[in-house]
Amino acid sequence: MDTRRRGLLKTFVEDVDGFMRLMEHMGTVILGLSALHLIQAKMEALELNDLDVYVTHEFDKEVVKHMKGKGYEMKWESERKTEYDGSAMKKIYKLMKNEREVDIIVTNWAGAIVPIVQYHSTAVMNYMTAHSLVCMYPEWTKNCQSLVNPQMYLNNGTNICTVMALMKYVRRGFCMSADPFKFSVHNCNMSGYCPNAVRNTIDGDTMRWNFEEVKMVGRMTVTCKDMAVVIWRLGGGECEEDSDEKNPGYIGVGA
Ligand SMILES: [Zn+2]
C-alpha cells in the first residue's frame, strides 16, 4: 500500500517526501477522489490525470505556493458563495503542469474532509491523510457498489455535471443505485450502511489503513495526529417502503 501511494503521488510531484511533509505539516491536507485508486487494485491500470487536494481555508495559500514551487501553474480559481448553496466547498484552485491537473478544494469548515460527504456517491467518499487511507463505505466500494447521495435528488442537485460524474463510475464498473437494498439487506437500527444512520470517521464501519507504524508512548497508542472527526448522515427517505418521511442529511465536526 505504501509503495502504491508513493507511486500515485510521484505522478504529480517529483518530491514525494516534500509533499507528504506538507500534508503532515498542514494537518488537514488530504487527497480525495484519487484515494479510490489506492483502494481498488483493478483501477490501478487506469491512468490518473487529476489529483484532488482538500484543505481548510487557513492553509490554502501555503499549499498553492508549494505546488507553484513544483512547477504548477494556476489555470483558474473560483470562489463559491457557500452561504447560498450550503456547499462545504468555499473555493477551488485548478493548477496544471504538463498534462497533470491538481485541484485544491478549500473548505471553511473545521475539517478538510467535510466536502467529501457532500459528494455525489459513496464510491468517492474516501480520503488519504499523511498517515492513513480511509474508506467510509468499504463493503460497497470493495464490491463496486455505490449509493447515490440522497442529497443529490432531495435538493435538486441532479444536474448534467452530476450525471456525467456518475456515468464515469458506471464506466469503471460501478453499480450505482439510489436504493441501498439493491446492494445488500441491512437492519436500519444497527447498520452503518443505512443512509439514515449517523456515522463518523472513526466508527466501526469506516475502514482505515495506516501507512506507517503507529508510534507507541509507553503502552499507549498515539493516534492524535489524525484530523478532526467528521460526523455525517446521508439522509433521504426512510428505508421502509410505506413511509414518505424524508430525513435531512447531517454534517458535523467533532474535536
Ligand atoms: Zn435503512
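Predicted model: local features only at pLDDT ≥ 70, side-chain atom pairs only at ≥ 80, totals over all residues.

Student: Which element has the lowest mean pLDDT, and which the highest?
Tutor: The chain as a whole has a mean pLDDT of 80, with 79% of its residues at 70 or more. Strand β13, residues 220-221, has the lowest mean among the elements, 47. The highest, 94, belongs to β10.

Student: Which strands stand at the edges of the three-stranded sheet?
Tutor: The sheet is open, its pairing is antiparallel, and its order is β10-β14-β17. An edge strand has a single partner, so one of its sides is left without a neighbour in the sheet. That describes β10 (199-200) and β17 (250-253).

Student: What is the bridge partner of arginine 199 in β14?
Tutor: β10 and β14 (residues 230-233) run antiparallel. Two bridges join them. In β14, arginine 199 has as its partner tryptophan 232.

Student: Within what arc do the buried residues of α2 fall?
Tutor: Helix α2 spans residues 16-26, and its buried residues are Phe19, Leu22, Met23 and Met26. Seen down the axis, they line one face of the helix, because they fall within an arc of 100°.

Student: Which exposed residues does the face of α2 turned away from its buried side carry?
Tutor: The buried side holds Phe19, Leu22, Met23 and Met26. Turned away from that side is the face with the exposed residues Asp17 and His25.

Key: Residues numbered from 1 in each chain as written. Pairing = 2+ DSSP bridges. Helix = DSSP H or I, 4+ residues; strand = E, 2+ residues; numbered from the N terminus. Buried ≥ 20, exposed ≤ 12 C-beta atoms within 10 Å, placed from the backbone. Arc of directions from axis to C-beta. pLDDT = per-residue confidence, 0-100.
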